[in-house]
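Please keep the sequence and the structure in view while reading.

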Amino acid sequence: MSLQAQFFKYGSCCIVLYFLVCILLIKTRRSNVGETAGAVTTIIKYQPKTVHFPTLDRIVKKNVESEINMLRMDELKGGTIDLQKSAALLQQVSNVCAKYKLSTPLIKRHFLYNAKHKSLYCWIRKVASTSFTKLFSDMSNRGVEHNFYKEVDILSLGRLEDLQYFANNNTVFKLLVVRHPFQRLVSSYRDRIEDNSKYTAQSWLYAREILRLSRPELFSFNASGGNILQRLFLVDRRLKVVPSFREFLEWLLKQPSDRNDVHWAPYHTHCAVCNVRYNFILKLDEYTFGEVNYILSKLRLDKDKTYLPRLQRARTGATNSDITCKYFHDLTTDMVLRLYNRYKMDFEMYNYKLDKYLRCAKNKKLTLTTQKNGAAIRNT
């Protein structure tokens, strides 16, 4: 065979081999890309339990005009609401969110959803949460009569991604109920700490911390009366030694904001107020029956066939502004101002006032005297 023929033969083989290697490399690369895409899909699928909103400007500077237009349309249809008041409140919340650039995570367990009635509600403890949880439970035909706090795990959405979607969906009615932060705080103290006729998780969890701060002598080794649990609690875990409201607040004001119990956590953090497009905000301390009827109509319920118990009823009695003022008598103005700063966003968002409760605080100086027997702490 001539040299030219041999060169042509082996050259052709090299070319074929080259193309085969190229094809093999291309297939391998495509396979790797597919595997990488599958890995990305897997990462996205397993989202954390809390959703944060990276597009902060889009959220906190949201335009509430669509929500206000819906209120306007409802008023034209005969809805018994004060359009100007409701619209101003929605706008005020949006303004405060933008002013402080607030953004808080959505927590799935804090929201109740009903698909049939296309309704979303964020429960807030000591703000008629039992009444509205019962209402959502009845809407789901659950037939529950007691322990409504357990319903939140059943009535909440199964996936956090669904909550994120419905939180900004115009076809879903989103309800928020609030009250004066100080009235709610007193109500929480009365029900969860002061009322020792029953066991509460809050008294069991926090009473020892509160009393350790204000009555350290109870924890000394020389104190009589058994171990610390026996000194503070009865055999059924009810409180034997009840911290005063002032003692409770002294402890609360030392707690980091991320350690708030749901009974006294600020509204804007508990209900992701700046990240949810709420359609209506009911102020519990100044609501009208027209507003309640409006809510029932938006929940697609017949107001004549729906029973909603008195919203401010509680085991210890209604905590109104006068009752709250009495509890503030033993506080100093300094404490009231510190307490206001802790709930400042809630005050600004819903136009609540501080002045009355500053006047309720009779003591101007922060001077404490502890009785020898540790029975109480009083101002001097």
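Helix H4 and strand E6 each supply at least two residues of the lining of the second largest cavity, where helices (H or I, at least four residues) and strands (E, at least two) are DSSP runs, numbered from the N terminus. The model is a predicted one, in which local features need pLDDT of at least 70 and side-chain atom pairs count only at pLDDT 80 or more, while totals for chains, interfaces and linings use all residues. Residues are numbered from 1 along each chain as its sequence is written, and side-chain values use heavy atoms, with hydrogens and water left out.

## The second largest cavity

Three cavities of 30 Å³ or more are found in the structure; a cavity is a set of points, on a 1 Å grid over the protein atoms alone, where a 1.4 Å probe fits but cannot get out, and its lining residues have an atom within 4 Å of a point.

## The disulfides

The structure holds three disulfides, which are set out in the table.

| Pair | S to S distance |
|---|---|
| Cys97 and Cys274 | 1.9 Å |
| Cys122 and Cys271 | 1.9 Å |
| Cys325 and Cys360 | 2.0 Å |

When the bonded cysteines are counted along the chain, the pattern of the links is 1-4, 2-3, 5-6.

The link of Cys97 and Cys274 is left-handed, with -85 degrees about the S-S bond. Because Cys97 lies in helix H4 (residues 83–100) and Cys274 in the loop between helix H12 (267–270) and strand E6 (280–283), this pair ties together parts that are 177 residues apart in sequence. Cys97 is buried at a relative accessible area of 0%, and Cys274 is buried at 1%, where buried means under 20% relative accessible area, found with a 1.4 Å probe on protein chains only.

The link of Cys122 and Cys271 is left-handed too, with -85 degrees about its S-S bond. Cys122 belongs to strand E4 (residues 119–122) and Cys271 to the loop between H12 and E6, so the pair ties together parts 149 residues apart in sequence. Cys122 counts as buried at 1% relative accessibility, and Cys271 is buried at 0%.

For Cys325 and Cys360 the torsion about the S-S bond is about -110 degrees, so this disulfide is left-handed. The pair links distant parts of the chain, with Cys325 in helix H14 (residues 321–328) and Cys360 in helix H17 (residues 355–360), 35 residues apart. Both Cys325 and Cys360 are buried.

## Helix H9

The buried residues of H9 are Gln202, Ser203, Tyr206, Ala207, Ile210, Leu211 and Ser214.

Terms used
Disulfide = S-S within 2.5 Å. Buried < 20%, exposed > 50% of the residue type's maximum accessible area, 1.4 Å probe, protein only. 1 Å grid on protein atoms, 1.4 Å probe; cavity = no way out; pocket = protein on both sides within 12 Å on 5 of 7 lines; lining within 4 Å. Points joined across faces, edges and corners; volume = space filled by probe spheres on them.
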